[in-house]
Amino acid sequence: MSTTDKTAIDLKAVTMLPNKTGHFGPYGGRFVSETLMSALDDLTELYDRLSQDPEFQKEYDYDLAHYVGRPSPLYFAERLTEKAGGAKIYLKREDLNHTGAHKVNNTIGQALLAKYTGKPKVIAETGAGQHGVATATVAARLGLQCTVFMGATDVERQKLNVYRMRLLGAEVIPVTSGTATLKDAMNEAMRHWVTNVDDTFYIIGTAAGPHPYPKLVRDFQSIIGRETKRQSMEHEGRLPDAVVACVGGGSNAIGMFYPFIEDESVAMYGVEAGGHGLEGDDHAAPLCKGKPGVLHGNRTYLMEDENGQIMGTHSVSAGLDYPGVGPEHSYLKDIGRVNYVAATDDEALEAFHTLTEIEGIMPALESSHAIAYAMKLAATMDKDKVIVVNLSGRGDKDIHTVAGLDGIEI
Amino acid sequence: MNRVDQCFADLKASGKKALIPFITGGDPKPGLTVELMHTLVESGADIIELGVPFSDPMADGPTIQLACERALRHNTSLRDILAMVKTFRETNTTTPVVLMGYLNPVEIMGYENFAKTASESGLDGALVVDMPPEESEVLAGYFKQHDLKLVFLMAPTTPDARATTICEHGSGYLYYVSVKGVTGSAALDIDDVKANLDRIRAKTQLPLGVGFGIKDGKTAAAVAKVADAVIVGSALVRCIEENENEPDVIKQRLSALMTEMRTAMDA
């Protein structure tokens, strides 16, 4: 599938990235104003130390097992497989985690780091609200004061999650600047952090941002891919032929992909938000249609105009409605290890209904993009092939959106 | 000699401190920017920091965010800003102009192309807010080739080792951010600023400018006592914001505030 000559690339070396300065090839790095540089240095140093510390790992593993409920199942979706009419489709059930999505894998880890820094306050940006809920949840558990920044547009379309965060004791601040979506929430979180850096830990939810965040988030999410490998061996006696995950900022995808980088037999597909279609501008697919640039502390593919201004994006799913993407994905695209594709709003909605109706599993609209592409992919593959789709979150939060699109008032 | 170096040498000889106003290019409309630059010079500016509007100004408070939005309503681009500098140079060949903005518009124009065009336009330097010294090597090379200054920020949170690195990389002057926060934030603590400037001065011969929290004659004069340059942004941008459709009022207000600060600093 790839156009790049993979034999020329040392995939083992790819897994050793980022380098010391936080770069994945030309991507990543640390592009923030000076006030934050020392906090990022401190965080890098702390994480380098704790990630080698068995006590920290033990605490993290314990929480994943007993608080999150890991391992999450790898489920054979028999009727979905039948409907797609090709390769066997398995679902990695991240939707069954506590709080209903993969996001908590990372917030557990970062909140533990926050605890070690002794900072009493945490902040987060959120799009769909899943990362906000996951942050508010761990903050409640650890007794940390939590503030979540959320685009005003998203506050409107993800009301349920906003209320969940407030019930958990978090303050939710609607952000009205710019396009009032995830990118603006991230701008505002950065502004807040710069002002309160002494007592505040910023829990970034996506695999983007200044170094060391892309690495932190990847490491904490990689539990998804590691479990998938083991479970695939249990179910099928071998690794899958393909893994599929949706990509907004790319945290669930990198968590699934990273452990498979060296397994060349496993094809990988990152599904971006195709919105109303890639031929126009109403989508959120920087890897498919964007150009490299610098935003939110890292160099990566972006949706930008000819003057370097960031473009407004569109996706039916708030969690994918972001003009950038994690820098490791940009690198994996360039070296051809992962294929980045897109599913439109309509395709995602159809997949949402299909999975709900024939498997009794209601996927998040974000994850529905991955389901939609996996069904297409499965149809092109033999019946003895195996695809794993990362079902990154559950769809309860999207019921209002789906009902609205169907013209139903709840 | 680069105009920035010349400016600080002249000021030193006359025992004065630099007053550096900031406005966003293209705010409230592109046609007015060059006129406003002249107004700033006439009312006491030694150097002009010209903002390049960006869609996601992460380090800026609401005032400069809105200035960016006004400029972007007219699609003001980095190329447009450089053209404004070129026009300004037709009638002013002495006042240094330093661009201030974010990296992405520079990335898309290309570092080499930017440095070359900037130099041809009569620009003297640039401060790229989200490009720390660690990421600046390539751009710094082109800047050196064209005798352009690369100005860096220094913050209250900058530890000593980093401060040394920044001093080694910076040229023209250093911009000390007086408070932890975004542009237009709360008042600065002058004793704290002085202590930090003393710490930096031990490491470098570069002139030290102070920005953030300076809004009137009183704060400008206080900062002028401890720094080599006083940088004022949001307070001036607010004069534009409040009189968006009245160019003459904007000029009067800018001129009045500049004069107040100049007078207080020179007293």
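**Notebook: chain A fold, chain B pockets**

I looked up burial in chain A first: buried residues make up 65% of its 410 residues. I note that this is a predicted model.

I then counted the elements of chain A. I found 17 helices and 14 strands.

Next I checked the overall dimensions. The C-alpha trace of chain A spans about 55 × 55 × 50 Å along its principal axes. A compact globule of 410 residues would have a radius of gyration near 22 Å, and chain A has 19 Å, which agrees.

I looked at contacts in chain A with a separation of 6 or more. Residues 24 or more positions apart account for 74% of them. I also looked up the surface. Chain A exposes about 14100 Å², and carbon and sulfur atoms supply 50% of that.

The largest pocket has a volume of about 430 Å³. It is lined by 35 residues, and the closest to its centre are Ile64(B), Thr183(B), Gly184(B), Phe212(B) and Ser234(B). Elements of chain B that give two or more residues to this lining include strand 1 (18–24), helix 3 (62–73) and strand 9 (229–232). Helix 11 of chain B gives the most, with three residues. By class, I read 19 nonpolar, 12 polar and four charged residues in the lining of the largest pocket.

The second largest pocket has a volume of about 340 Å³. I found 14 lining residues there, with Lys12(B), Gln205(B), Leu206(B), Pro207(B) and Asp228(B) nearest its centre. Helix 1 (residues 3–14) of chain B supplies the largest share of this lining, four residues. The lining of the second largest pocket divides into five nonpolar, three polar and six charged residues.

How values were computed. Residues numbered from 1 in each chain as written. Chains lettered and ligands numbered in written order. Predicted model: local features only at pLDDT ≥ 70, side-chain atom pairs only at ≥ 80, totals over all residues. Heavy atoms only, no water. 1 Å grid on protein atoms, 1.4 Å probe; cavity = no way out; pocket = protein on both sides within 12 Å on 5 of 7 lines; lining within 4 Å. Points joined across faces, edges and corners; volume = space filled by probe spheres on them. Nonpolar A, V, L, I, M, F, W, Y, C, P; charged D, E, K, R; others polar. Rg over C-alpha atoms; globule rule 2.2 N^0.38 Å. Buried < 20%, exposed > 50% of the residue type's maximum accessible area, 1.4 Å probe, protein only. Contact = heavy atoms within 4.5 Å. Areas by Shrake-Rupley, 256 points an atom, 1.4 Å probe, with all protein chains shown as cover.
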